[in-house]
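Dear colleague,

I am passing on the structure below, together with notes on what was found in it. Please read the notes with the coordinates open beside them.

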Amino acid sequence: MQRQQKQQRFTNPFTLVTDEIIFAILDFLGHDPFSRKSFSLVCKSFYSVESRHRKTLKPLRSDLLRRILLRYPVIDHLDLSLCPLNEGDSWDVILSLCKSTLRSIKLSPSMFFANVGFSKLVMNCSDLVEIDLSNATEFTDSGAAAIAKAKNLERLWLVRCKLVSDIGIGCIAVGCRKLRLINLKWCLRVGDLGVGLIAMKCKEIRCLDLSYLPITKKCLPSVLQLQHLEDLVLVGCFHIDLDGLTNLKQGCKSLEVLNMSNCPCISHYGLSFITNGAECLRQFNISYGPPVTLDLAKCLQYFSNLQSIRLDGCIVTCSGMKAIGNWCASLKELSLSKCSGVTDEGLSLIVQGHQELRKLDITCCRKITQVSINSITNSCTCLTSLRMESCSLVQSEAFVLIGQCCQFLEELDVTDNEIDDEGLKSIARCSKLSSLKLGICLKITDDGIAHVGTGCPKLTEIDLYRCICITDVGIEAIAHGCPDLEMINTAYCDKVTDASLESLSKCLRLKALEIRGCPGVSSVGLSAIALGCRQLMMLDIKKCHHINDVGMVPLAQFSQNLKQINFSYCSVTDVGLLALASISSLQNITILHLTGLTSNGLAAALLACKGLMKVKLHRFFKRLLPHSLLDHMQSRGCVFQWRDKATTQVETDPMEWKLHLG
Amino acid sequence: MDLKDRLSVDTWTQSSSSGNELPKDQQSFTNFSLQQQQHQHKWEDPSVLDYSVRIEPAFQEFNQTSATSSSLPCNPNSQIKNLNREDCQMNEMLEPNRIQDWDPRVMLSNLSFLEQKIHQLQDLVHLIVGRRSQVLGRTNELVAQQQQLVTADLTSIIVQLITTAGTLLPSVKNTLSTASPSVGQLGQLGGVLFPSGTGMNGGGVAQSSGGSKVSDQSNQIDLTGACVIEQNNATEEHELKDEDDADEGENLPPGSYEILQLEKEEILAPHTHFCMICGKGFKRDANLRMHMRGHGDEYKTPAALAKPNKESSSEPVLIKRYSCPFAGCKRNKDHKKFQPLKTILCVKNHYKRTHCDKSYTCSRCNTKKFSVIADLKTHEKHCGKDKWLCSCGTTFSRKDKLFGHIALFQGHTPAIPLDETKGSVGPSDRGEGNGAANKVGSVGFNFSSNASSGSGVQDMMMDVKRGADEPTGFFSPLTFDPCSLVGFHEFPRPPFEDSESSFSFLVPGSCSYTRKTGGESSSNDLE
């Protein structure tokens, strides 16, 4: 390599620049795959610099794994989650190539783990700090015993490792004393004993996720005695009731984030035990939990560091909201999404008490009216995020007020509201707006959207689902005014045609496009998108009847990043599907009611498309496809979902929707 | 009146009547009789009053016959009735004595005082007897005069006795009032227990005049009395295994309960209920009643077969606690931190477990030994299975015990059994939702069903048979695992559906999830 560099010294000015400087330049490229690729293709030295610079790797295909690992020698994070490894040799490849530089590995869920493999991995990579085994449903206790030999392990994810029991967790608890993070979400065989031992042995733990474990209050005292515990997640621990926790003298002092959503058995009395002494508490989540009454709100009265609270789906009383308004902390984030019992009076009291509020979620608080919006806009002028989907009693004037007062809004969700063009014009004054959701806002037209296009240049995300008055003019205004657009949804805007897609093809960063149910769109528009938006990852063209094989070919050729596609009810046939199968990154595909599709074409496409993870098909094909093929696909880690929907629904569906809406 | 009672009375009368003949023995003898009376007080009332009321006709009859038959050889003395009455009086007098304080020296002095008094009384009676035999032909007048004189003397002595007795044992004054209800309870049992007296010691006692026998007998009374509790609580028997330890927390103030102590022989006696007719022994009263049917139609009446009801106690019952006869044992009443045992079964199990050889060896592992056969059977159910293994080689029958061990020692880890694929589905599954504690609970339950249903047949036989059946019957995975599996299925469902819709790449798992669980359940079925 040195010799190569000597030869190039005379021709390449970059040889005068040290690697470190080039590394710094590469750092600025970020994670944009295209620019990195272009860089490494400049010359051999750039190629080698790039391969020495890259630290993380997320391969998609196992057959290239050996070459990739040879090319990138200093990888410290290897993500194999999308790389199905079911053959023993690819496992050996990893073991032989993963050197001691590797510090973090994320393993594929479809890997058939053997504890021998784990012990080899742990032996080879002695500095492993992070292991992510999420969704490894075949991972057993003996594997856990092998993992336990990684003495330096600090972070471990075992999400949905359903075969691991207390015994395996016990091995890990004894072996990996330096653990700072462990996630045991959905490890359904882990109970009080395993968790208790983790808390007993791993004193360094900062983050502990015990969601959906069958644990009871028995293990909580030892968990709460962890000296450094900062983040505790107890989502959906149905068996925990804290009422009997009287032996707990003091809660965890270092606790900062506590998530106890979906724990219906907790009362304010029990809550006071667990929060007792937790002075650093910043975030608290008791969504879908007990009713937020005066008593419960008083439990949290004196936490001066509290910044964020989520009460989604709780029953909220007026006195409770009043007490929240009187808290000594000044909240930054508040979510009352889907809370029943939120009234104008209560909400006004809350926002008056917390004028520093940055994020407010009042989704589906259907009782609130203009009064609430008045007090929100009066008190919380610093709001950056307001979600108010389906606040149907709020009048259109309210949105004018929001646009006038909340200039710092970055995210606004007014799905299913009475907003009109006037309101949109006012909201367009929020120049920092990046996400705007206007789904089912039937009153808005191209005029309002045009204001957004001119006023909000930083917009990255816009949802116009079923905004039936929107035409190509509006879309063009957005496409011109918002070059950073990454996501647009114009589903069921039936006036949208190819012209919209052509204007959208100028948005080079577009990643997700949903034009479901737009009959005016054809292959021509789709070709334009495929040519323009090379970063496209998600495409939904369901019920765009005029899109056929002609549209698929450019898509297959240019959209090499496409991960997810839905083209049910389109006019695509075997040819188009086979063309698509050449996209190696394709993971998720939904093909329902394609009249031109045969089982042979489907089988060929499925075989060709090696990265597939999820396929949604009509039940009809289950009989037609050979069993061996299905087995083969499943062994590659692909999941089939069989749907049985009548084709006739195509015509009636929009009608039904309109009836429902009226 | 109870036979034993009568027997003790007999010995007493014998001693009193034969006081002149056996002057040397008298001291010790009276002491014994006193001791005996301490027990006797329980019997005197009920045996007189309660028989007619509570005991079934069959037993009444039975008692009567036996009473006469036994009294005939033992007590040819015609004065027996008088003496009985006197004895009753004596008991009344003495009753307060036993309830008083237990300072041995004070007691000793009091006893010696009483001894003197009794000697005087004996002399007096001897005098009367002697005079009667001498002056048979005298007129009734003179006899009556003498009698008056003697009665006056007697009453004065008795009054003296009562006054001393008042100071003799003053510790538990309130028991004076509570004594009678407890006596009532025991009285009812007395009828039942009666046979045991004859079956075991009756013959010997009838002939005996030795002190040791008498004391032995008095203890026998205790045993039998207590056994009734056992039989009444027969259904609770399964709990008693742990009750040994369970009553640790019970803090009865000393003196608020009555302490009974059995002798070693009684604790280890295989049977406590004996047939009056053929002498066959039984562990349970119910079994005895079943057996009695064979002896005639009179035992087949519903009343005879009915379980002797507990006396509906509107009055407070004196709590009974038991002491272990083993000196130095914490359960012995002389121990500084004495902790009484709750029931007679606790006594039996405690004594066997703590102070006896472990003669039952597990046939599977050949290492574990037990002194209580029920413990062996409980162990055998688990022996070989459900081994929770530590890396240090120690095995545990319960998972929580293993984890306690690991938490305690540095560097010890749970060891994974070699047949992991099987093991992970089998035992750990079972231990999962319900925990080890539940397992023990269910074992206990099985045990209880054994115990309560051992009707008529020898328990040992039954138990052994069941022990053999057990592994397939109660503990087959078929009955247990599906439940826990159902739990698994229902529990996580919502999150998984959620993950499917929101994270497309999580999905492979969700498929394998259904596949997996299917496999799991089928493998369970096969097991």
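The accessible surface of chain B comes to about 26,300 Å², and carbon and sulfur atoms account for 56% of that area; accessible areas here come from the Shrake-Rupley method with a 1.4 Å probe, and for residues only the protein chains shown count as cover. Please bear in mind that this is a predicted model, in which local features need pLDDT of at least 70 and side-chain atom pairs count only at pLDDT 80 or more, while totals for chains, interfaces and linings use all residues. Residues are numbered from 1 along each chain as its sequence is written, chains are lettered from A and ligands numbered from 1 in the order in which they are written, and side-chain values use heavy atoms, with hydrogens and water left out.

Chain B has 527 residues, of which 47% count as buried (buried means under 20% relative accessible area, exposed over 50%, and partly exposed in between, with a 1.4 Å probe and protein chains only). The chain contains 21 helices and eight strands, where helices (H or I, at least four residues) and strands (E, at least two) are DSSP runs numbered from the N terminus. Among contacts in chain B between residues at least 6 apart in sequence, 69% join residues at least 24 apart, contact meaning heavy atoms within 4.5 Å.

Turning to charged pairs, the whole structure holds 22 salt bridges over all chains, each being a side-chain nitrogen of Lys or Arg within 4 Å of a carboxyl oxygen of Asp or Glu. One of them joins the side chains of A:Lys106 and A:Asp132 at 3.8 Å, N to O, and this pair links distant parts of the chain, with A:Lys106 in strand β3 (residues 104-106) of chain A and A:Asp132, 26 residues apart from it, in strand β4 (residues 130-132) of chain A. A:Lys106 counts as partly exposed because its relative accessibility is 25%, whereas A:Asp132, at 12%, counts as buried.

Another salt bridge, between B:Lys399 and A:Asp166 at 2.9 Å, N to O, crosses between chains, from helix α15 (residues 399-408) of chain B to helix α9 (residues 166-175) of chain A. B:Lys399 counts as buried at 5% relative accessibility, and A:Asp166 counts as buried at 3%.

A:Asp166 also takes part in a helix packing. Helix α9 of chain A and helix α10 (residues 192-201) of chain A pack at an angle of about 5°, with their axes 8 Å apart; axes are lines fitted to C-alpha atoms, for helices over the stretch in contact, and angles run from 0 to 180 degrees between N-to-C directions. That makes α9(A) roughly parallel to α10(A), since angles under 35 degrees count as roughly parallel, over 145 as roughly antiparallel, 65 to 115 as roughly perpendicular and the rest as oblique. The residues making the contact include A:Asp166, A:Ile169 and A:Gly170 of α9(A), and A:Leu193, A:Gly194 and A:Leu197 of α10(A).

Lastly, A:Ile68 lies in helix α5 (residues 65-71) of chain A and, leaving aside its neighbours within four places in sequence, is in contact with A:Leu57 and A:Pro59. A:Ile68 and A:Leu97 are 29 residues apart in sequence and 10.0 Å apart in space, C-alpha to C-alpha.
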